[in-house]
Amino acid sequence: MKDYEKTFKEFKNYLKKIEYLNSTEAVLYWDMRTVIPKQGVPYRGEVLSYIGEQKYKLLTSDIMKNYIEYFEGIDDLDPVTKACYLNCKKEYEKQKKIPKDRYTAYVLAASESEAVWEEAKEEKNYEKFKPHLQKIINFQREFIEYLGYDKDKYNTLLDDYEPGITVERLDTIFSQLRDAIIDILNKINESSVKINTDFLMGKFDKKDQEKLSLYILHKMGYDMDRGALAETMHPFTIKMGSDDVRLTTHYYENDFRSALYSCIHEGGHGIYDQNIDKSLYGTLLSEGASMGIHESQSRFYENIIGRSLEFWKCFYGETKKIFPQFNNVPLMDFYKGMNEVKPSLVRTESDELTYSLHIIIRYELEKELINGRLSVDDVREEWNKKYKEYLGVTPKDDEEGILQDMHWSDGSFGYFPSYALGNLYGAQFLHKMEQDIPDLYSQLEKGNLAFIKEWLNKNIHKHGSLYKPEELIKLVTGSELSAKYFIDYLYKKYSKIYNF
Ligand code: ZN
């Protein structure tokens, strides 16, 4: 046993206190989103803010400082201890750099801004939200000054969600992706193939939808003995511990696709969280490697697997048993219906192809806002201009335009790119998976999803956040992140569907 191992054990006991608070927070949050009575919300807010304070104290204490300094002085740390202390060091320094009173002021401003955004969205009135957006941007810019930045101010925000990624790289990757998607979109617009989706709208009983969703989740390998599925307005996944990872969905009885795909998506997040190696508990590394890597897992299941022809060759039979109205719909029509491309205004309702364009638009605008090159007075016009240019659509009001997402209201600048990065990581993982499992598609056609989960468990999930995203993608696929794999995947898929 190395000398430092005893100290690391003590350190883990200390970090566990933070994990317990994370778990407490998750339970309270889950409850707040699912069953809390409306009148109970303000008090719950107080409790959550108290827990946040306790976490802050543990993260920035002298005890934490002493542990970090101790491990800093040792050269031959094993990878887990090293990643653990470096992670804590980064968080400690970050928290210390921002004056506490300014952070408290920001939290207050953000919760106000969120509330105003909700009203403004309902009233379709960007002008109402505008001063709050300005406030939030000012806070972000102030914090960037405290934290420092390298080359581009936006890099500091990206680091919160996707450590290691920079504006320089995203500019290259996203412009390649944007041009490719627009090219495919043009080809689809010229195509004579017309896809019918009428049969996907109608009446789909909620209970039946739930039955199919649970069946598919089970087949994917989401462990219901260590999970749950509840209903919320906006679906999410939440981890309360390694043996308690819960999902939510929302059922629309007139739409077959919505709940099913949100379940598959959240199931992908859930399978990730359920399969992080248990030895990482107590190190704060039992999280996903980044938002983008997490999103790669949900989008992998949702799109690459869940919208593939092989998947439906296997599961269409069971689907028809639950929904006999599909009995007259041939498999190929059903499959094409699930993959219809239709440029739309709302990100969360967009198809697999155009989804990334919604993200790229937000990325391009955020970067300019944070660097002070675009003002809150001009951003709406710029938003509408980009939607017209990239997607060929124009919002009729602010609700389906600039006010559609809550991210800017609560200060989550730098978050959006993770969604599109998830698509890129996912396709790059697929490329490697195809090499490792030569009969991937024939297995999938048989409904054997277990081997996919095993591959993801072994290569990605078990590591938690032991590796940074750039290290992980290299470790798993042998190469750096590239847009090439996803672009190839898109051309291959849509040229078959739309005959170009
Ligand atoms: Zn997600």
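Trp30 is buried in this predicted model, with a relative accessible area of 11%. Phe236 is likewise buried, and its relative accessible area is 11%. Both values fall under the 20% below which a residue counts as buried.

Trp30 and Phe236 form an edge-to-face pair, with 6.4 Å from centre to centre and 75 degrees between the planes. The arrangement is called edge-to-face because the angle between the planes is over 60 degrees. Trp30 lies in helix α1, which covers residues 3-34, while Phe236 lies in the loop between β1 (227-231) and β2 (237-241); the pair therefore ties together parts that are 206 residues apart in sequence.

Another pair is formed by Trp383 and Tyr387, whose rings are stacked, at 5.4 Å centre to centre and with 20 degrees between the planes. Trp383 and Tyr387 are four residues apart in helix α15 (residues 379-391), so about one helical turn separates them. Both Trp383 and Tyr387 are buried.

Aromatic residues also come together in a cluster. Phe199, Phe204, Tyr215, Phe256, Phe311, Trp312, Phe315, Tyr316, Phe323, Phe326 and Phe334 form one aromatic cluster.

Arg347 lies over the face of Tyr419, at 4.8 Å from the ring centre. Arg362 is placed over the face of Phe416, at 5.4 Å from the centre of that ring.

Note on methods
Residues are numbered from 1 along each chain as its sequence is written. This is a predicted model: local features need pLDDT of at least 70, side-chain atom pairs count only at pLDDT 80 or more; totals for chains, interfaces and linings use all residues. Side-chain values use heavy atoms; hydrogens and water are left out. Rings of Phe, Tyr and Trp (its six-membered ring) pair if their centres lie within 6.5 Å; planes under 30 degrees apart count as stacked, over 60 as edge-to-face and the rest as tilted. Helices (H or I, at least four residues) and strands (E, at least two) are DSSP runs, numbered from the N terminus. Buried means under 20% relative accessible area, exposed over 50%, partly exposed in between (1.4 Å probe, protein chains only). A charge sits over a ring if NZ of Lys or CZ of Arg is within 6 Å of the ring centre and within 35 degrees of the ring normal.
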